[in-house]
Amino acid sequence: MVRAKCWTLKKHFKGPPTKSDFEIKEVELPALKNGEVLLEALFLSVDPYMRVSVRKYLKEGDTIMGSQVARVVESKNPTFPVGSTVVANSGWTTHSISDGKNLEKLPAGWPDTLPLSLALGTIGMTGLTAYFGLLDICALKEGETVMVNAASGAVGSVVGQIAKIKGCRVVGSAGSDEKVAMLEKLGFDYAFNYKKVGSLEETLKKASPNGYDCYFDNVGGAFTNAVIPQMNKYGRIAVCGAISTYNSEEPQQGIYIQAPFIYQELRMEGFIVHRWQGDIRQKGLTDLMKWVQEGKIKYQEHISEGFENMPTAFIGMLNGENVGKTLVKA
Ligand SMILES: NC(=O)c1ccc[n+]([C@@H]2O[C@H](COP(=O)([O-])OP(=O)(O)OC[C@H]3O[C@@H](n4cnc5c(N)ncnc54)[C@H](OP(=O)(O)O)[C@@H]3O)[C@@H](O)[C@H]2O)c1
């Protein structure tokens, strides 16, 4: 018998999550049935969507949702022998049982030199979000100018680097001077600390006097109000996230967007990364893996040690303590 530790929702979040909203529990897992595997978490993902999905899908007492890189430690499923590594949607838990249906193997050709944790970040969900959001939703073209916010994070840092690979000019914003310095190192053409600028509108104008062709929006709210009027003719906006609004209990006020949308002939589309499945998803993973190996994408990870620290890592990420993908090493 294996005892699994799980982080559960003790109390629904009111505003920013606090540690007392979470409770750790132990459960005894049953013996495996035919077709099942026992998984042990190696790395667990901490993501902004959890702030929203907890409110939407969980009741108090439920285990927090989330993906992890896990090792198969016992197997009654020949597709996943003992010792194989998988990406699993097991939630915030140290051990879990799966029937194999929702397990994903690492992309073919994964080299031993790459950390397994990348399968949750740059060569996983957040890398694919950047890839499809920019290449498909924004339909980025060489020579265009891209604006991305939360640019030093898991998604944003990859957005900026893909934009450079595709021969574009990229402007990024982040919440500290250290993060801005990192963006400059990654090759962003212009980076600024949005917490320090007097006028966001003026800063955006200075960063790109000729406006923006693509806007990869991770932040939403007031930031987006400032970007939309600076979009160029036929500009495209990928609505990836709205992290500035996730903790708020009140409905948000925005600008009327019709005039810039009509006269600049803009297109704005929300998306969820799981839209791209099958071969197209595999191509995305293969491209990301190749770019990482070629050094064209530098990966950033913010790893906390210890399963006990899941809530702290989550709260820290929402507060902007992370650079790159936030993970917990079990
Ligand atoms: N649509 C999809 O399928 C999909 C998939 C993955 C992620 N997302 C979304 O993409 C966005 C980025 O996700 P991620 O995983 O890459 O997270 P992340 O950027 O690694 O971490 C979150 C970052 O958001 C920034 N932030 C927090 N509050 C903010 C505020 N009020 N204003 C501006 N920035 C704020 C913080 O950085 P600063 O220090 O810069 O403030 C923090 O580090 C999120 O909105 C997420 O929900 C969407």
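Author: Thr203 belongs to helix α5, which covers residues 200-207. Helices here are DSSP runs of H or I with at least four residues, strands are runs of E with at least two, and both are numbered from the N terminus. This is a predicted model, in which local features need pLDDT of at least 70 and side-chain atom pairs count only at pLDDT 80 or more, while totals for chains, interfaces and linings use all residues. Residues are numbered from 1 along each chain as its sequence is written, and side-chain values use heavy atoms, with hydrogens and water left out.

Is Thr203 buried or exposed? The relative accessible area of Thr203 is 12%, so this residue is buried. The term buried means under 20% relative accessible area, exposed means over 50%, and partly exposed lies in between, with a 1.4 Å probe and protein chains only. Leaving aside residues up to four places away in sequence, Thr203 touches Phe192 and Val197. A contact of this kind means heavy atoms within 4.5 Å. Between Thr203 and Lys296 there are 93 residues of separation in sequence, and their C-alpha atoms are 28 Å apart.

From this residue, one may turn to the division of the chain. The automatic or database assignment gives domain 1 (2-121 + 302-329) and domain 2 (125-274). The centres of these two domains, taken over C-alpha atoms, are separated by 29 Å. To the contact between them, domain 1 gives 20 residues and domain 2 gives 13 residues.

Leu318 lies in helix α9, and its relative accessibility is 18%, so Leu318 counts as buried. The partners of Leu318, not counting residues up to four places away in sequence, are Pro17, Pro48, Arg51 and Ile243. Leu318 and Pro16 are 302 residues apart in sequence, and their C-alpha atoms are 8.3 Å apart in space.

The loop between α9 (310-318) and β15 (325-329) holds Asn322. Asn322 is buried because its relative accessible area is 9%. With residues up to four places away in sequence left out, Asn322 touches Gly153, Lys179, His302, Gly316 and Met317.

Ser117 is found in another loop, the one between β7 (104-105) and α2 (125-137). The relative accessibility of Ser117 is 2%, and therefore this residue counts as buried. Phe43, Glu301, Ile303 and Leu327 are the residues that Ser117 touches, again not counting those up to four places away in sequence.

In a strand, Ala88 provides a further case: it is part of β5, residues 85-88. At 1% relative accessibility, Ala88 counts as buried. Leu39, Gly66, Ser67, Gln68 and Leu103 are touched by Ala88, not counting residues up to four places away in sequence. By contrast, Ala88 and Gln300, 212 residues apart along the chain, have C-alpha atoms separated by 22 Å.

The position of Glu265 is in the loop between α7 (258-263) and β13 (267-270). Its relative accessible area is 41%, so Glu265 is partly exposed.

Finally, these residues may be set within the whole chain. The chain contains nine helices and 15 strands. Its radius of gyration is 20 Å, close to the 20 Å given by the globule rule for 330 residues, so the chain is as compact as a globular protein of that length. That radius is taken over C-alpha atoms, and the globule rule is 2.2 Å times the number of residues to the power 0.38. Along the principal axes, the C-alpha atoms fill a box of roughly 65 × 45 × 35 Å. Of the 330 residues, 53% are buried. Among contacts between residues at least 6 apart in sequence, 68% join residues at least 24 apart.
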